[in-house]
Amino acid sequence: MDQLNVAIVGGTGNLGSALALRLGAPGVKIIIGSRDAEKAKNAVATLKPKLRAGELVGTTNREAVKDADFVVIAVPYEGHSQMVSDLKGQLAGKIVIDTVVPLNKVKPFVPPAGSALQEAQQILNGEAPVVGALHNISAVDLGDVDAPLGDVLVCGDDVAAKQRVMEIIQRIGATAYDAGPASNAYVIEGLTGVIIYLNRKYKSKHGSIKITGIGNH
Ligand SMILES: NC(=O)c1ccc[n+]([C@@H]2O[C@H](COP(=O)([O-])OP(=O)(O)OC[C@H]3O[C@@H](n4cnc5c(N)ncnc54)[C@H](OP(=O)(O)O)[C@@H]3O)[C@@H](O)[C@H]2O)c1
């Protein structure tokens, strides 16, 4: 398998760090991005002992995306549009994986663009395909590389990019579903608000989704 370079913008956080551990495999280079290069390096030092295989480095978000094939956006919604704008001009030839859920405190809302994914799409204006994924997965389970993972709904308008992201999702041990175009993203993003509610209500950190009735695909 070819070398795979994945940058995680906001990779010092809960989701990004957990994803880095899941991605760890021979031939994979994971680049943890941060607004602060030192913070990224510290995160790498913490994560490295838990990494199964592969290469892990840390740098600024802007540097992180340079050699990446895939760029995962894993920052809170408050920083989403600014971050995507800051990276614009650096993303041609890459696939952007947007994990961001628009939340106001813990409540989901629909942003003016229709969803976080469509916001990124608007900002990038065709520079790179944007694929939504990993919104409904628990960062706690993602970071526990032996824990079973739920299903991942993958959406976006670029069919080839979506297929490649689904392959990555399968590689990390989850089951990926093609959940349609970017216009479906608000549903998938919003579902996370429900999962957060369920986690609080039932005192769990593992809430996730399971698709039934589809069969093997
Ligand atoms: N946590 C989950 O279980 C989970 C599950 C599914 C989806 N998500 C989504 O994934 C994204 C990340 O979630 P998270 O829990 O990992 O968030 P987080 O830990 O609060 O933040 C992730 C990283 O984003 C950077 N950041 C924080 N505020 C920022 C801002 N205003 N502008 C730019 N960068 C900022 C920080 O990195 P630096 O300080 O190093 O720059 C931080 O470590 C969110 O949009 C969330 O909705 C999370």
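Author: The ligand sits in the largest pocket. Sitting there means that more than half of its atoms lie within 2 Å of the pocket's grid points. This is a predicted model, where local features need pLDDT of at least 70 and side-chain atom pairs pLDDT 80 or more, while totals for chains, interfaces and linings use all residues. Side-chain values use heavy atoms, without hydrogens and water, and residues are numbered from 1 along each chain as its sequence is written.

Reader: OK, how many residues surround the ligand?
Author: 20 residues do, and the closest are Thr12, Leu15, Ser34, Lys39 and Val75. The cut-off is a heavy atom within 4 Å.

Reader: What about serine 34, how far is its side chain from the ligand?
Author: An N or O atom in the side chain of serine 34 is 2.5 Å from an oxygen atom of the ligand. Leucine 15 places a backbone N or O atom 2.8 Å from a ligand oxygen, and for valine 75 that backbone distance is 2.7 Å.

Reader: How much of the ligand does the protein bury?
Author: The protein buries 78% of the 890 Å² that the ligand exposes when taken alone. Those areas come from the Shrake-Rupley method with a 1.4 Å probe.

Reader: Switching topic, what box do the C-alpha atoms fill?
Author: Roughly 40 × 40 × 35 Å, along the principal axes.

Methods: Polar contact = N/O pair within 3.5 Å; in protein donor to acceptor, adjacent residues only side chain to side chain. 1 Å grid on protein atoms, 1.4 Å probe; cavity = no way out; pocket = protein on both sides within 12 Å on 5 of 7 lines; lining within 4 Å.
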